[in-house]
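Let's take a walk through this model together, one stretch at a time.

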Amino acid sequence: MTSSNSQSMKPATVAKKLGIYLPATPQEFQDSSISREEFAELQANPPEWLAELRRNGPHPRPVVAHKLNISISGLARGGVEDALTTAEITELLQAPPQWLVTERATHAAVRSEAQRVKDEAAKKAATKEARDNAAAKRDAPKTSKRDHA
């Protein structure tokens, strides 16, 4: 691999990093490798086709899941196999089917449990740190006024 090649990315990688659905991109984009400089330029100054894709879709599954506030697995359980447009996502949000209501509740419960576990771990770490600090203070050698003179 040459040095110029090592600084380029495949279109699929760039599409994933940009949060866009690769098959919806222009063929020219799909057929070329993108340098890191070109990628930075796409992020800083997106061309009209990129802005349009981000605005209206079709969106890849991770973006659809995020917009619906569910997991990617929840999309699969709900039978959503393909990319969805912004209009389709809005339609689902305005009149949510039962599977979406269930998946949103499940996702919220999972996030809540993850936060509870994280908080509990932080509390245990703080308690351990306080205990360690107290032990270190207790075990520190005592100094007298004579030691300082």
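This is a predicted model: local features need pLDDT of at least 70, side-chain atom pairs count only at pLDDT 80 or more; totals for chains, interfaces and linings use all residues.

First, a word on naming: helices (H or I, at least four residues) and strands (E, at least two) are DSSP runs, numbered from the N terminus. The peptide bond leading from Gly-57 into Pro-58 is cis, with omega near 10°.

Residues are numbered from 1 along each chain as its sequence is written, and side-chain values use heavy atoms, with hydrogens and water left out.

Now look at how helices pack. Two packed helices are described by the angle between their axes and the distance between the axes. Axes here are lines fitted to C-alpha atoms, for helices over the stretch in contact, and angles run from 0 to 180 degrees between N-to-C directions.

Start with helix 2 (residues 11-18) and helix 4 (residues 36-44): their axes are 11 Å apart, at an angle of about 30°. That makes helix 2 roughly parallel to helix 4 (angles under 35 degrees count as roughly parallel, over 145 as roughly antiparallel, 65 to 115 as roughly perpendicular and the rest as oblique). On the helix 2 side you'll find Val-14, Lys-17 and Leu-18, which meet Phe-39, Leu-42 and Gln-43 of helix 4; contact means heavy atoms within 4.5 Å. Sorted by class, this contact of helix 2 with helix 4 has four nonpolar residues, one polar and one charged (Ala, Val, Leu, Ile, Met, Phe, Trp, Tyr, Cys and Pro count as nonpolar, Asp, Glu, Lys and Arg as charged, and the others, Gly among them, as polar).

Some of these residues turn up again in the largest nonpolar core, which has 11 residues, including Val-14, Leu-18, Phe-39, Leu-42 and Leu-50. Such a core is a set of buried Ala, Val, Leu, Ile, Met, Phe, Trp, Tyr and Cys residues joined through side-chain atoms within 4.5 Å, and buried means under 20% relative accessible area, exposed over 50%, partly exposed in between (1.4 Å probe, protein chains only). Helix 2, helix 4 and helix 5 (48-56) each give this core at least two residues, and the largest share, three residues, comes from helix 2. Leaving out residues up to four places away in sequence, Leu-50 touches Leu-18, Ile-20 and Leu-42. Apart from this core lies another one, of 10 residues, among them Val-64, Leu-75, Leu-84 and Ile-89.

What about the outside? Lys-16 belongs to helix 2, and Lys-16 is exposed because its relative accessible area is 72%.

Further along, helix 6 (residues 61-68) and helix 8 (residues 86-94) have axes that come within 10 Å and cross at roughly 30°. So helix 6 is roughly parallel to helix 8. Val-64, Lys-67 and Leu-68 of helix 6 make the contact with Ile-89, Leu-92 and Leu-93 of helix 8.

Two last stops. Asn-69, in the loop between helix 6 and helix 7 (72-77), has a positive phi of about 60° although it is not a glycine. Arg-116 is in helix 9 (residues 98-139), and is partly exposed, with a relative accessible area of 42%.
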